[in-house]
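Subject: Structure handover

Hello,

Here is the structure for you to look over. My notes on it follow below.

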Amino acid sequence: MLEDTTGRRLEVVNVNATPVESRLGTDMIYYHHPTHSFVLVQYKRLGSRDKEYRVNKQFLDQMNRLERVAELSSKPVRPHEWRLSQDACFLKFAHWRDGAVPTSELARGMYIPLSYARVLLEDDCTLGSRGGRLFSYERVGRYLVASEFAELVKLGLVGTVGTSVEQLRDFGLERAREGYSVVLGVETSKETPRDRSVRVRQRTAKKRPKVISYSPQTPQQQSPDTPIF
């Protein structure tokens, strides 16, 4: 858990139901309390040699299931509920050293909104020379890097609309039971969305909030039936 001088608090919980070798993938779910929204990032690993990811049936099934998150959203009626798009789910095609398992958003890679991934799969740019579909830096062309993605999330410009912590909990537990490693990040703050936007744009190295409390948690495999919040 991290807390800074502005009163913002970030809590991170790792929920695993299966051993590392049998996990289907890693989800990063970030809940932004000021705008009552969450963003889900599904990790996919690029090949260590060619940095490509070959699409298979499991991947397509996972995309279908991720789109269920959009169904949790309601229509924005207040200014802080407006988003750049209805995309609340992103795919991160990442690469990391052999034997390592990603547990944060620090792994290098490209962030792709789910709707954009659908468009790419219908275009010849992802068509492999031997058939099938491939994702790679060269084939995708346009994507978000970590700093760009983080900026959208912390300003509440992407994510679901009108979702609750209870919905986040249920979704995270469901994913854990399905064999995914789920990393939950929950940010709480007394800042309004407008206050956040103003502070971020006026921030300098000297004005950057300082962390006043840091409570690391010992990594462990947690049961998906353990209460999260």
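How many of the 229 residues of the chain, in percent, count as buried? The share is 42%, where buried means under 20% relative accessible area with a 1.4 Å probe and protein chains only.

The model is predicted, so local features need pLDDT of at least 70 and side-chain atom pairs count only at pLDDT 80 or more, while totals for chains, interfaces and linings use all residues. Residues are numbered from 1 along each chain as its sequence is written, and side-chain values use heavy atoms, with hydrogens and water left out.

The chain has six helices and 10 strands (DSSP runs: H or I of at least four residues, E of at least two, numbered from the N terminus). Of the contacts (heavy atoms within 4.5 Å) with a separation of 6 or more, 75% are between residues 24 or more positions apart.

Eight aromatic pairs turn up in the whole structure (Phe, Tyr or six-membered Trp rings with centres within 6.5 Å; planes under 30 degrees apart are stacked, over 60 edge-to-face, the rest tilted). F90 and F149 are edge-to-face, because their planes stand at 75 degrees, with ring centres 5.0 Å apart. This pair links strand β6 (residues 89-95) to helix α4 (residues 146-154), 59 residues apart. Both F90 and F149 are buried.

F93 and F135 are stacked, 4.6 Å centre to centre with 20 degrees between the planes. F93 lies in strand β6 and F135 in strand β8 (residues 134-136), so the pair ties together parts 42 residues apart in sequence. F93 is buried at 0% relative accessible area, and F135 is buried at 0% too. Y53, F59, F93 and F135 form one aromatic cluster.

Regards

Key: Buried means under 20% relative accessible area, exposed over 50%, partly exposed in between (1.4 Å probe, protein chains only).
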